[in-house]
Amino acid sequence: MNTWDVAGGARQRLKLLGASVLMVLLAACGDHPPRDKDDDDDDRPPVQALSIVAGSATETGSVDATGAAARFNNPSGIAIDAAGNLYVVDRGNRTIRKITPAGVVTTLAGSAGAGAGFADGTGASARFTDPVAIAIHPTNGSLYVTDQLRIRSVNSSSGQVGTATTMAVGNNVDGRSMDAVYPGAIAVDPQGNLFMTNSYSTRYQSGSTTGIMEGVYTMDNLFGPRSLEPRGIALGPQSHVFVYDLNKTISRTGNVNLLARLAGTPNVTGSADGAAGAASFGSVVALAVDPQENAYAADNGNNLVRKISPQGVVSTVAGKRGSQVLTPGALPASLAGVRGIATDGKGVLYVTSGQAVVKIILP
């Protein structure tokens with residue numbers, strides 16, 4: 001082999017090496033042909049926006065287990081703590097259930113099948129009669145459950161149940177009898193003040209007092225006597241009180257005696273989305289409010305989850321009007337009867353629907 005051949009071969013090898021280095025650099029910089037549209041990454045199924053956390057879409061029972069293996073009987077009110085644990089009023093079983101972030105369900109208080117009662121005690125020794133709504137103290141984790149004419153306190157760690165307060169039986173401020181008028185919804189602020197609706201008014205008890213709820217705040221002074229009959233209630237981060245009433249409207253206030261209608265058409269039942277008075281509701285049984293003061297309504301009359309912006313614009317988040325079947329999937333999916341709602345404040349809602357607790361990831 002002559003000198004020219006050696007030099008030529010060397011030059012050829014250097015060209016090939018340079019080309020290889022160039023290809024590596026181009027690949028590292030992302031300058032390469034687009035992936036084929038049939039790549040496996042494009043075949044991944046979309047993430048479900050509505051999924052079952054625990055329980056069954058249709059089957060009832062009282063089973064402590066994980067996720068879909070657990071069973072409930074008409075779950076109602078729901079609350080969430082700072083660690084992501086859910087607390088559910090299992091109304092049909094007269095128990096309070098806890099769901100961990102991993103979906104593990106346990107019975108915190110009460111005993112399924114043990115019969116009605118108002119016995120205080122720890123765990124299975126406690127008795128409830130008709131628990132419906134639940135709220136959690138935002139700083140100490142105490143639970144409050146409406147149980148006919150009582151509000152029961154539940155220790156979220158030990159399951160110790162006590163009677164926090166009793167509704168006054170007698171006449172309301174406008175002369176209507178309070179007999180058999182049970183609490184419909186409950187909320188608690190960081191100071192431990194309780195707010196409760198009882199069909200005729202919204203009642204208040206200072207966190208520094210115990211016993212009978214002596215403070216009575218009517219919610220119908222703005223729209224005329226006997227007009228509101230409040231149902232759902234929630235507290236916003238700016239100390240605003242949000243209330244839904246049987247006038248089919250949602251009101252918001254910074255002072256419980258001074259209401260301003262936020263959304264809904266008075267005395268009109270429907271499911272229309274839109275701004276303020278153009279919107280309509282079926283029957284809202286529970287409310288939740290996020291840090292941005294968006295309100296979320298469990299519209300049981302339509303089996304929908306509705307969003308109300310701070311400006312009063314209403315939109316449907318999940319569910320199909322009139323659906324009776326819980327079907328997970330991409331939003332809007334469909335819901336069975338909706339009874340309770342909670343938000344983690346980070347774009348996720350938890351709703352009791354049918355015989356299950358569902359998770360809704362907001363768009």
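Is R152 buried or exposed? R152 is buried, at a relative accessible area of 0% (buried means under 20% relative accessible area, exposed over 50%, partly exposed in between, with a 1.4 Å probe and protein chains only).

This is a predicted model, in which local features need pLDDT of at least 70 and side-chain atom pairs count only at pLDDT 80 or more, while totals for chains, interfaces and linings use all residues. Residues are numbered from 1 along each chain as its sequence is written, and side-chain values use heavy atoms, with hydrogens and water left out.

D147 is buried, with 0% relative accessibility.

Next, select D120. D120 and R152 also meet in a salt bridge, at 3.0 Å from N to O. This pair links distant parts of the chain, 32 residues apart: D120 lies in the loop between strand 5 (105–109) and strand 6 (121–122), and R152 in strand 9 (residues 150–154). Strands here are DSSP runs of E, at least two residues, numbered from the N terminus. D120 is partly exposed, at 41% relative accessibility.

Move on to E59 and R71. Their closest N and O atoms are 3.0 Å apart, in a salt bridge. Both residues sit in the loop between strand 1 (50–56) and strand 2 (75–80), 12 residues apart. E59 is partly exposed, with a relative accessible area of 44%, whereas R71 is buried at 15%.

To finish, count the salt bridges: the structure holds eight.

Definitions and conventions. A salt bridge is a side-chain nitrogen of Lys or Arg within 4 Å of a carboxyl oxygen of Asp or Glu. Helices (H or I, at least four residues) and strands (E, at least two) are DSSP runs, numbered from the N terminus.
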